[in-house]
Amino acid sequence: MKDILISELRTAYDAQLRGVTPPGGSARIEQDGPLTRVVGWHRGFVTGPRDLGVYGAELDLLVARQRDFYAARGEAVEWKTRAHDLPADLTDRLTAAGFVAEDSETVLIGRSADLAAAPVLPDGVTLRRVTARSDLQRLAAMESSVWGEDWSWLADDLTARIENSPENTVVLVAEARAEVVCAAWLVFKEGADFGGLWGGSTLEAWRGQGIYRAMVAHRAQLAAARGIPYVYVDASADSAPILARLGLHAVTTTTPYVWSP
């Protein structure tokens, strides 16, 4: 029964979540054959249907065309792959073209109604929705601290998303004494049965206190209230076991293949 459920969830994922939510701002979305690509984002982004329907030398040309397109712009590009993609040799051909695999993540899906709950937070920690540029900059600074690299681009990205589609972008921060200690956002896609759970990064000193779980519960609550039956997430190796315990189901893995000029 569980295998049937996972197969159904994976099929719905392939049908509804292979595109890109318009990021807004100066970014734009283009089509190149079976591929969808984003131009003018913090880096290029390429995704496609489960089966590209392109093989051999023709696939090599398609891959090279994406690489060369972004090379001409002086930009890096991420090609988002999934473990059940076809053709099966896509990742080999990406590697041959100079793309490098980054860490894989697990795609998990759960019923929003089953996950929805009032957030339970540690004493002194509060949760609120933010839209102001100053708050988004504080959020990006927290992410930079967590990941040890410059995430200042995230403030621009979230600002553009909120301006472009405020009703479909919910950005949340958990704060302690005016310090952002965790951040996460919920993104809806028009016509889709899914809400995307993104972010969820927590400062090291505040981990293990249920803040991440509270973020998941509240975002599921918001999705359920909107009538969106499912939430999904691309989870790191640290987050995936927590989400599985909460009741989400792993349906595939996703690996970004990145080319940099």
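A salt bridge is counted here where a side-chain nitrogen of Lys or Arg lies within 4 Å of a carboxyl oxygen of Asp or Glu. The model shown is predicted, so local features need pLDDT of at least 70 and side-chain atom pairs count only at pLDDT 80 or more, while totals for chains, interfaces and linings use all residues. Residues are numbered from 1 along each chain as its sequence is written, and side-chain values use heavy atoms, with hydrogens and water left out.

**View 1. The salt bridge between Arg 65 and Asp 32.** The closest N and O atoms of this pair are 2.9 Å apart. Arg 65 belongs to helix H2 (residues 56-73) and Asp 32 to strand S1 (residues 28-32), so the bridge ties together parts that are 33 residues apart in sequence; helices (H or I, at least four residues) and strands (E, at least two) are DSSP runs, numbered from the N terminus. Asp 32 is buried at 12% relative accessibility, whereas Arg 65 is partly exposed, with a relative accessible area of 41%; buried means under 20% relative accessible area, exposed over 50%, and partly exposed in between, using a 1.4 Å probe and protein chains only. Both residues also belong to a network of salt bridges that links Arg 28, Glu 30, Asp 32, Arg 37 and Arg 65.

**View 2. The salt bridge between Arg 43 and Glu 78.** The two side chains meet at 3.0 Å, N to O. Because Arg 43 lies in the loop between strand S2 (35-39) and strand S3 (44-47), and Glu 78 in strand S4 (residues 77-82), the pair ties together parts that are 35 residues apart in sequence. Glu 78 is buried, with a relative accessible area of 15%.

**View 3. The salt bridge between Asp 89 and Arg 93.** Here the closest N and O atoms are 2.8 Å apart. Asp 89 is partly exposed at a relative accessible area of 26%, and Arg 93 is also partly exposed, at 22% relative accessibility.

**View 4. The crossing of helices H7 and H8.** The axes of helix H7 (residues 211-225) and helix H8 (residues 239-246) come within 11 Å and cross at roughly 55 degrees. The contact, meaning heavy atoms within 4.5 Å, is made by Tyr 212, Arg 213 and Val 216 of H7 and by Ser 239, Ile 242, Leu 243, Arg 245 and Leu 246 of H8.

Terms used:
Axes are lines fitted to C-alpha atoms, for helices over the stretch in contact, and angles run from 0 to 180 degrees between N-to-C directions. A crossing is left-handed if the near helix is turned anticlockwise from the far one by less than a right angle, and right-handed if clockwise.
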